[in-house]
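Thank you all for coming; I would like to walk through one model with you this morning.

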Amino acid sequence: MKINGNFLNIAESYLFSMTAKKIREFVAETGKDVIRLSIGDVTLPLPAACVEAMEKASREMGNKATFKGYGEEQGYEFLREKIREYYTAKGVDLSINEIFISDGAKSDLGNILDIFAKDNIVYMSDIVYPVYLDTNIMAGREVKFFEGNAKNSFLPLPDENVKADIIYICSPCNPTGAVYNKEQLKVWVDYANRNGAVILFDAAYEAFIRDKSLPTSIYEIEGAKECAIEICSFSKTAGFTGTRCGYTIVPLDLVRENVALNKLWLRRQTTKFNGVSYIIQRGAEAVFTDEGMKQVRQNIDYYLGNADIMRKTLKEMGIWFVGGDNSPYIWLKCPGGMSSWEYFDFLLSHGVAGTPGVGFGKNGEGFFRLTAFGDRDNVIKAMERFKNAK
Ligand code: PLP
């Protein structure tokens, strides 16, 4: 027996274990409290509409007349239909056969690679949600990077000299909070179509986009259905991080080597996946009711309100940053030329924890991520500490 040796090529991620260790040690040594602006998880509870729908669905499962066994691997039609309507409202026409329900974006980001040959060249930002890189290293694929930096406001465009087959785009981006506009996404779509490449578009934070001119789906861009797969999630939209539900869209028009990728993904899912729980899918369906939409919006407003308080403080302090207006993440330049870890230690000594940018890739050195998922009072207190930190 031989192991998959590619696993040995994955860099150990010290980022979250190291930050947790440093916070623990600081609290033990000083007895002071630390406000965590490093949380990448939602903190508000599920919308009441989702809870009620799941309670009702649980009771259906306990009744012989309404009990459900295996569902469709692609997801129940009632949920796929609601997602289709959600896209119609964005001006995007989808067929429900293009929508696949999943247990979250992370699983599908990993699983989708099953349908691509190993010798494809992958192209992604060098500051990236680590799952994109690690899943490709596990599969032994060659990865090239495009460079996000302060000059391009962390919204890099393709280098025409690079030939790539699979492209990752995350917008709004974790960790930078930057959001591509339509013109910029069109450049990526045209590049992908010219090169016969496929874009994997991660829209996990689309619900945070409040600027109506910004695209919340890549399919708002002409030509995207011929080159892009969109992966989305209820995690950050509706607080489903612990409940688990997402969806992936594989357009029927996306064809490579005369094969519709939709067919391959359907085959993959029907072989290796047995669907998401009926109860959870009913909970996700409730997101699209009037009440659900209202509650989801209230929660996201709360997080964006936190981000707004942070943005105002950073502006007052003259600190360079992107994000936080249409995303729960703020990406700032460490003041005084500090490195990411120096700034982490500095802020921690004043009772605030964030995430060192260098942990997301080499271009993240000298930058720092703050998240808006915390409690309002803590955010206000943390910003006072920011201003007084000397
Ligand atoms: N994509 C991005 C960019 C994320 O930041 C996250 C989670 O933090 C995910 C995907 C994973 O989402 P899910 O909870 O649906 O697996």
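This is a predicted model: local features need pLDDT of at least 70, side-chain atom pairs count only at pLDDT 80 or more; totals for chains, interfaces and linings use all residues.

A cavity here is a set of points, on a 1 Å grid over the protein atoms alone, where a 1.4 Å probe fits but cannot get out, and its lining residues have an atom within 4 Å of a point. The grid points are joined across faces, edges and corners, and the volume is the space filled by probe spheres set on the points. With that rule there are two cavities of 30 Å³ or more.

The largest cavity is lined by 18 residues, and those nearest its centre are Ser125, Ile127, Cys170, Cys173 and Tyr180. Strand β5 (residues 166-170) gives the largest share of that lining, three residues, where strands are DSSP runs of E with at least two residues and helices are runs of H or I with at least four, numbered from the N terminus. By class the lining has 14 nonpolar, four polar and no charged residues, with Ala, Val, Leu, Ile, Met, Phe, Trp, Tyr, Cys and Pro counted as nonpolar, Asp, Glu, Lys and Arg as charged, and the others, Gly among them, as polar.

Let me stay with the cysteines for a moment. If a disulfide is a pair of cysteine sulfur atoms within 2.5 Å, the count comes to zero. Cys173 is in no disulfide, and the nearest cysteine sulfur, that of Cys170, is 4.9 Å away. Cys173 is also buried, at a relative accessible area of 11%, where buried means under 20%, exposed over 50% and partly exposed in between, with a 1.4 Å probe and protein chains only.

The loop between β5 and α6 (182-195) holds Pro172, which is joined to Ser171 by a cis peptide bond with omega of about -5 degrees. Pro175 lies in the loop between β5 and α6 as well, and the peptide bond from Asn174 to Pro175 is cis, with omega near 25 degrees.

Turning to the second largest cavity, its volume is about 50 Å³, and its lining includes Val42, Lys236, Asn299 and Tyr303. The elements that give two or more residues to this lining are α7 (235-238) and α10 (290-317). The lining of the second largest cavity also draws at least three residues from each of domain 1 (13-42 + 291-388) and domain 2 (48-288), with bounds taken from an automatic or database domain assignment. The centres of the two domains, taken over C-alpha atoms, are 27 Å apart, and the contact, meaning heavy atoms within 4.5 Å, takes 31 residues from domain 1 and 35 residues from domain 2.

Finally, why is helix α9 (residues 278-285) described as largely enclosed by the rest of the structure? Six of its eight residues are buried, so the description follows from that count. Among the buried residues of α9 are Tyr278, Gln281 and Glu285, and what covers the buried residues of α9 includes α2 (48-61), α3 (77-89) and β2 (99-102).

Definitions and conventions:
Residues are numbered from 1 along each chain as its sequence is written. Side-chain values use heavy atoms; hydrogens and water are left out. On a 1 Å grid over the protein atoms alone, a cavity is a set of points where a 1.4 Å probe fits but cannot get out, and a pocket is an open set with protein on both sides within 12 Å along at least five of seven lines; lining residues have an atom within 4 Å of a point.
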